[in-house]
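The sequence and the model are shown first, and the points of interest follow by topic.

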2 protein chains.
Amino acid sequence: MSSNRDIDALIEMMAKLPGLGPRSARRAVLHLIRKRALLLTPLADLMQTVAATARECLNCGNIGTADICDICASEVRQNGILCVVEDVADLWAMERSGVFKGRYHVLGGTLSALDSVGPDDLRIPRLLDRVKTESVNEVILALNATVDGQTTAHYIADQLDGMVSLSSLAQGVPIGGELDYLDDGTITAALNARKRL
Amino acid sequence: MSSNRDIDALIEMMAKLPGLGPRSARRAVLHLIRKRALLLTPLADLMQTVAATARECLNCGNIGTADICDICASEVRQNGILCVVEDVADLWAMERSGVFKGRYHVLGGTLSALDSVGPDDLRIPRLLDRVKTESVNEVILALNATVDGQTTAHYIADQLDGMVSLSSLAQGVPIGGELDYLDDGTITAALNARKRL
């Protein structure tokens, strides 16, 4: 394409990133080459650093640069309350909201009969361990409102039944949402969980 | 966001690429970290290589890894016929079609009174030099069909008037295009340039 081997290889590899296709990868690579000192070199250096240091937290499954991530190691985060999420991206989303002050547990996926993902393929045994050893008294299941997410939530709820106080995220109208654009399931959930004023 | 400085910096820098925003940059970085050996490390290495070697061809303005690009240095490409494009991305698009066998000249932009881009800010003087010294007998103006592109084409045509045979890309219905979805200008151009069967 560019009649140059390295540049073509770079474009091909960038095109493998989620959200980029061949055309946007070409645009991105041209942009990178034009902003070499500002963008390409620092980006390459940062990638080297992250490739060398990033790892999964042995405790919760979050991605950080140490064996135990900053959240697990933090002394100011509340003990005894665990928020269970599917994925590191979900943990980051929760952290952006800034409202949860406890600790996390990242499952690394959802149970799925179709893809033959069982409890042992996820971090569910580790979750049960943590609940027992870290004197956890509340578990919040912040799983996605999808079929697989809810199946996983039910399975975990069964396993933890009677051991801790369990909750899941509320379902309802999103902030800024318009009723006309919401699906029937959301409206049903919002009506069933209506709040007294 | 990720409670980690390097990973946050990487996300922030990826979000500066065209076509990626903060959300897709986060997804891309998580994907890269998960595919460290397959994607993150090789990508970082390639970026280092390209940052160290990529440069503009001194002759035509194409991006390659030598002072004179592969196309200018090629002995099989046709001499005497130059295709003038705005941008390296346009050169790559022409090369993908594989139909042009001559050599290129990349202007590096278009004339623009608003942004005060004059002929000397582009590679127009170099184009005039090349036409004289490389015994060019045909120049194809493959500039974008925008106002600035066409202004630039007219300016270059004026400068080269009488020196070479000049042409521009045909305008008309794109292959696979449906008349109902085309704008009036394209239909007018296609009708005016209609072909006898």
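In this predicted model, B:Arg130 has a relative accessible area of 0%. That value is under 20%, so B:Arg130 counts as buried. The residue belongs to helix α6 of chain B, which covers residues 124-133.

**A partly exposed position in chain A**
- A:Gln159 lies in helix α7 of chain A, a helix formed by residues 147-160.
- The relative accessible area of A:Gln159 is 34%, and the residue is therefore classed as partly exposed, between the limits of 20% and 50%.
- Although A:Gln159 and A:Leu128 stand 31 residues apart along the chain, their C-alpha atoms are separated by 7.9 Å.

**Relation between the two chains**

**Extent of the interface**
- Chain A contributes 52 residues to the contact, and chain B contributes 52 residues.
- Between them, chain A and chain B bury about 5100 Å², and 71% of this area is on carbon and sulfur atoms.

**Polar and charged links across the interface**
- There are 2 salt bridges between chain A and chain B.
- A salt bridge joins the side chains of A:Arg34 and B:Asp87, with an N to O distance of 3.1 Å.
- Polar contact is found for 8 residue pairs across the interface of chain A and chain B, both residues being at pLDDT 80 or more.

**Make-up of the side of chain A that touches chain B**
- The elements of chain A giving two or more residues to this side are the helices α1 (5-14), α2 (22-34), α3 (36-53), α4 (70-73) and α5 (88-97), and the strand β2 (63-64).
- The largest share, 15 residues, comes from α3(A).
- By residue class, this side of chain A divides into 30 nonpolar, 10 polar and 12 charged residues.

Methods:
Residues numbered from 1 in each chain as written. Chains lettered and ligands numbered in written order. Predicted model: local features only at pLDDT ≥ 70, side-chain atom pairs only at ≥ 80, totals over all residues. Heavy atoms only, no water. Contact = heavy atoms within 4.5 Å. Buried area = accessible area lost by both parts, 1.4 Å probe. Salt bridge = Lys/Arg side-chain N within 4 Å of Asp/Glu carboxyl O. Polar contact = N/O pair within 3.5 Å; in protein donor to acceptor, adjacent residues only side chain to side chain. Helix = DSSP H or I, 4+ residues; strand = E, 2+ residues; numbered from the N terminus. Nonpolar A, V, L, I, M, F, W, Y, C, P; charged D, E, K, R; others polar. Buried < 20%, exposed > 50% of the residue type's maximum accessible area, 1.4 Å probe, protein only.
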